Every structure is written in C-alpha cells, then in structure tokens.
Amino acid sequence: MQKLTFKTNYKSEVIDITEDIKEAVIKSGVKNGIVTVFCPHSTASIIIFEKSDATLRRDLLGMLKDVVPYRDYSHSNARAHLKAAFLRSNLTLIVDNAKVVLGDWQGIFLVEFDGPRERKVLIKAVNG
C-alpha cells in the first residue's frame, strides 16, 4: 500500500491527482490488475470527473453548495460531512499494461470540503 499526501488550500476545492495515482501504480509494479484509491477522511472525497474543463469543478462545488445550504447544523462542520456523503470515499480502477484505465475526458480528483488541510490518499494495486 502507498500513501500520498496532498495539501489543500481552500475550504472547498477539487484537485486533480490523476498523475499521482498513475505514478503510484507504476511504482507498485502491477502490470495487469486493479488499483483501489481510498480517501480516509469523512470531509473529503475521491471521484472520477471531467478533466479538460476546470469550470466544471467549480460547477460541482456550486451544485453541492446548493444541495447542502448554509444553516444551523448541530455539528460544527456538518456541511463538509454532508457534502462528502454525496460523493465517494474510494474508487476501484482497472490497470492494463501498468496504466490506469480511464476514459478520454476522465481524471481522478480529490475533493476537499473542510480545508485547508493535509489529506491522505491510500493506493493499493494488485495483480489480477
């Protein structure tokens, strides 16, 4: 298992970590199999999303802001937890010829909802 660390800079942001994941798979030595990418935080998420248009990332955050509006919540950072609950904490991806299989327009993203913070992403690649 490999552990990557990312420093987020804003309260909410979407960070492209595709190249970091691809590099981790190469370092793993797995040629053909699967890789699991896991975010061990309850106020951040891991997603596959459109990579070529950064404005879509802002649109995603805006949509989640609308879905989980400002109001008095019982828990101090409830909005961050609730937003993360709409997305994923892990991905399982195919590894073929030591490359992560993604669609032409897809990338892997860490989504921060309670930053700025230091976030960890765990990667486990296995032959299969």
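**Helix packing, sheet and salt bridges in the predicted model**

The buried residues of helix α3 are Ala78, Arg79, Ala80, Lys83 and Ala84; buried here means under 20% relative accessible area, exposed means over 50%, and partly exposed lies in between (1.4 Å probe, protein chains only). Helices are DSSP runs of H or I with at least four residues, strands are runs of E with at least two, and both are numbered from the N terminus. A word on the ground rules: this is a predicted model, in which local features need pLDDT of at least 70 and side-chain atom pairs count only at pLDDT 80 or more, while totals for chains, interfaces and linings use all residues. Residues are numbered from 1 along each chain as its sequence is written, and side-chain values use heavy atoms, with hydrogens and water left out.

Those buried residues of α3 pack against β4 (44–50) and α2, where contact means heavy atoms within 4.5 Å. Looking at the two helices together, α2 (residues 55–67) and α3 (residues 78–86) pack at an angle of about 115°, with their axes 10 Å apart. The axes are lines fitted to C-alpha atoms, for helices over the stretch in contact, and the angles run from 0 to 180 degrees between N-to-C directions. On the α2 side the contact is made by Leu64, Lys65 and Val67, and on the α3 side by Arg79, Lys83 and Phe86. Sorted by type, the residues of this contact come out as 3 nonpolar, no polar and 3 charged. In that sorting, Ala, Val, Leu, Ile, Met, Phe, Trp, Tyr, Cys and Pro count as nonpolar, Asp, Glu, Lys and Arg as charged, and the others, Gly among them, as polar.

Now to the sheet. It is open and has 5 strands in the order β1-β8-β3-β5-β6, with antiparallel pairing; two strands pair if DSSP finds at least two bridges between them. The edges are taken by β1 (2–7) and β6 (99–100), each with a single partner strand, so one side of each has no neighbour in the sheet. Helix α1 (residues 18–28) packs on the sheet and touches β1, β3, β5, β6 and β8 (118–127), its direction making about 160° with that of β1. Strand β8 is joined to β1 by 6 bridges, and Leu4 has Val121 of β8 as its bridge partner. Another 6 bridges join β8 to β3, with Ile34 opposite Val126 of β8. Strand β3 (residues 33–38) also pairs with β5 (residues 90–96), again over 6 bridges, and here Val35 sits opposite Leu93 of β5.

The structure holds 6 salt bridges, each being a side-chain nitrogen of Lys or Arg within 4 Å of a carboxyl oxygen of Asp or Glu. One of them links Glu112 and Arg119 at 2.6 Å, N to O. Glu112 counts as buried at 1% relative accessibility, and Arg119 is buried too, at 2%. Asp114 and Arg117 also meet in a salt bridge, at 2.6 Å; Asp114 is buried with 8% relative accessible area, whereas Arg117 is partly exposed at 36%. Salt bridges that share partners tie Lys11, Asp114 and Arg117 into one network. Lys120 and Glu118 form a salt bridge as well, their closest N and O atoms being 3.7 Å apart, and Lys120 is partly exposed at 27%.
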